[in-house]
Amino acid sequence: MPGAVVLVADDDARRRSTLVETVLRFDPAAAILEARTGEEVIAHITARRPTIGFVGMKLDGLSGPEAIAVARKRGVTIPCLVLVAPRVFPQWQELAQSLNAYEVLKTPLDPSHIEQLLHANARRRAPTR
């Protein structure tokens, strides 16, 4: 099976780098789509249809959730959406649910937890009889 198409969107270059390195360690064949703005997120989702997305709450321009909502209005979603936030507020949990997010990942990032999410996505993508 070809590698996953993974969206990594965050306004912080160090967080993007950590996510990209963790994804590539898990799946060297993964196609990585990096974004730091909400507009880039929309463009990547629309053009490449990522199978999993790590999307920061705060991006340049549109926020991560706003960009996901705009893409959804255009008929495109990410099957496994993981929001990334420095703190998890109750209202963000509600927002995550409204966007059908799989999880809200807190920073600082834990590579072993990210790998668990990648494993879950790989199982979800695996063909079944």
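Two strands pair if DSSP finds at least two bridges between them. Keep that in mind for what follows. The model I am showing is predicted.

Let me start with β3 and β4. They pair in the parallel sense, and the pairing runs over 5 bridges. Within that pair, Phe 54 stands opposite Val 82 in β4. To get from β3 to β4 the chain passes through α3, and this β-α-β crossover is right-handed.

Now the whole sheet. In what order do the strands of the open sheet lie? The order is β2-β1-β3-β4-β5, which makes 5 strands with parallel pairing. β2 and β5 are the edge strands, and each of them pairs on one side only. From one strand to the next, the twist averages 20 degrees.

β1 and β3, the latter being residues 52-56, are parallel over 4 bridges. There, Ala 9 stands opposite Val 55 in β3. β4, helix α4 (residues 90-98) and β5 form a right-handed β-α-β unit.

Next, β4 itself. Why is β4 described as largely enclosed by the rest of the structure? Because 6 of the 6 residues of β4 are buried. Buried here means under 20% relative accessible area. On one side of β4 the buried residues are Cys 80, Val 82 and Val 84, and on the other they are Leu 81, Leu 83 and Ala 85, so both faces are covered.

Helix α1, residues 13-26, lies across β1, β2, β3 and β4. Its direction is at about 170 degrees to that of β2.

In soluble globular proteins, nonpolar side chains tend to be buried together. The largest nonpolar core here has 23 residues, and among those with the most contacts inside it are Leu 7, Val 41, Ile 45, Val 55 and Ile 68. The elements giving two or more residues to this core are β1, β2, α2, α3 and β4. A second, separate core has 17 residues, including Ile 52, Val 82, Leu 105 and Leu 109.

What does Val 55 touch, leaving aside residues up to four places away in sequence? Its contacts include Leu 7, Ala 9, Gly 64 and Ile 68, and also Leu 81, Val 82, Leu 83 and Val 84.

Terms used: Residues numbered from 1 in each chain as written. Predicted model: local features only at pLDDT ≥ 70, side-chain atom pairs only at ≥ 80, totals over all residues. Heavy atoms only, no water. Core = buried A, V, L, I, M, F, W, Y, C linked by side-chain atoms within 4.5 Å. Buried < 20%, exposed > 50% of the residue type's maximum accessible area, 1.4 Å probe, protein only. Contact = heavy atoms within 4.5 Å. Axes fitted to C-alpha atoms, helices over the stretch in contact; angles between N-to-C directions. Right-handed = clockwise from strand over helix to strand, strands pointing away.
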